[in-house]
Amino acid sequence: MVRMRRCARITSVAAHLKTRIPKWRKCDRNIDCEDLTDECNEDCGKEIIEGIPLKVSSWMIGMSASALNTFMIIQHVKSLRKSSTTLSLLNKILIITIGLGDLLVGGYLFSISAIDLHFGSTYCIRQTLWRSSDYCTALGSSAR
């Protein structure tokens, strides 16, 4: 069992030398301090999705992929009975299957964007809460 250091609120130089985390140990996704100051600082990412352009594009892609694939799946399911040949039927089933996969990807991206909006800049500190949640487990299972 690894013993964690306190790391925060250093009051003296001697205490700083004892609890100082080397630069190569920061932002390595291994928690060395109880208060997460080795992972949640100005050098490390603090959000799930960093940067406004990436956030906007993830929302846009997630919403459009979910909406358009839902529309496409509904249209092809309605036209299944109108298939005159086996090849036409198999083609529509293949398109529906690909649409379902794309719908899952869009839903995953939409969910991650919503979780990023929920946690915001507090994600780094609350990451253990998110990673141990049932919702994170379900999303991780659907992504495999």
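The model is predicted, and the description begins with helix H2, which covers residues 52–78, and helix H3, which covers residues 86–119. The axes of these two helices come within 7 Å of each other and cross at roughly 150 degrees; since angles over 145 degrees count as roughly antiparallel, H2 and H3 are therefore roughly antiparallel to each other. Their crossing is left-handed, and the residues of the contact between H2 and H3 divide into 15 nonpolar, 10 polar and four charged.

Helix H3 also crosses helix H4, made of residues 123–131, and helix H5, made of residues 134–143.

| Helix pair | Axes come within | Crossing angle |
|---|---|---|
| H2 and H3 | 7 Å | roughly 150 degrees |
| H3 and H4 | 10 Å | roughly 125 degrees |
| H3 and H5 | 11 Å | roughly 150 degrees |

With an angle of roughly 125 degrees, H3 and H4 are therefore oblique to each other, and their crossing is right-handed. For H3 and H5, the angle of roughly 150 degrees is over 145 degrees, and these two helices are therefore roughly antiparallel to each other, with a crossing that is left-handed.

Which residues form a nonpolar patch on the surface? The patch is made up of Ile52, Val56, Met60, Met63 and Phe110, which together have about 490 Å² of accessible area. Helix H2 gives the most to this nonpolar patch, contributing four residues, and Val56 has its place in that helix, H2.

Conventions: Residues are numbered from 1 along each chain as its sequence is written. This is a predicted model: local features need pLDDT of at least 70, side-chain atom pairs count only at pLDDT 80 or more; totals for chains, interfaces and linings use all residues. Side-chain values use heavy atoms; hydrogens and water are left out. Axes are lines fitted to C-alpha atoms, for helices over the stretch in contact, and angles run from 0 to 180 degrees between N-to-C directions. Angles under 35 degrees count as roughly parallel, over 145 as roughly antiparallel, 65 to 115 as roughly perpendicular and the rest as oblique. A crossing is left-handed if the near helix is turned anticlockwise from the far one by less than a right angle, and right-handed if clockwise. Ala, Val, Leu, Ile, Met, Phe, Trp, Tyr, Cys and Pro count as nonpolar, Asp, Glu, Lys and Arg as charged, and the others, Gly among them, as polar. Patches are made of residues with over 30% relative accessible area and no salt bridge: like charges are joined within 9 Å, nonpolar side chains (Val, Leu, Ile, Met, Phe, Trp, Tyr) within 5 Å. Accessible areas come from the Shrake-Rupley method with a 1.4 Å probe; for residues, only the protein chains shown count as cover. A salt bridge is a side-chain nitrogen of Lys or Arg within 4 Å of a carboxyl oxygen of Asp or Glu.
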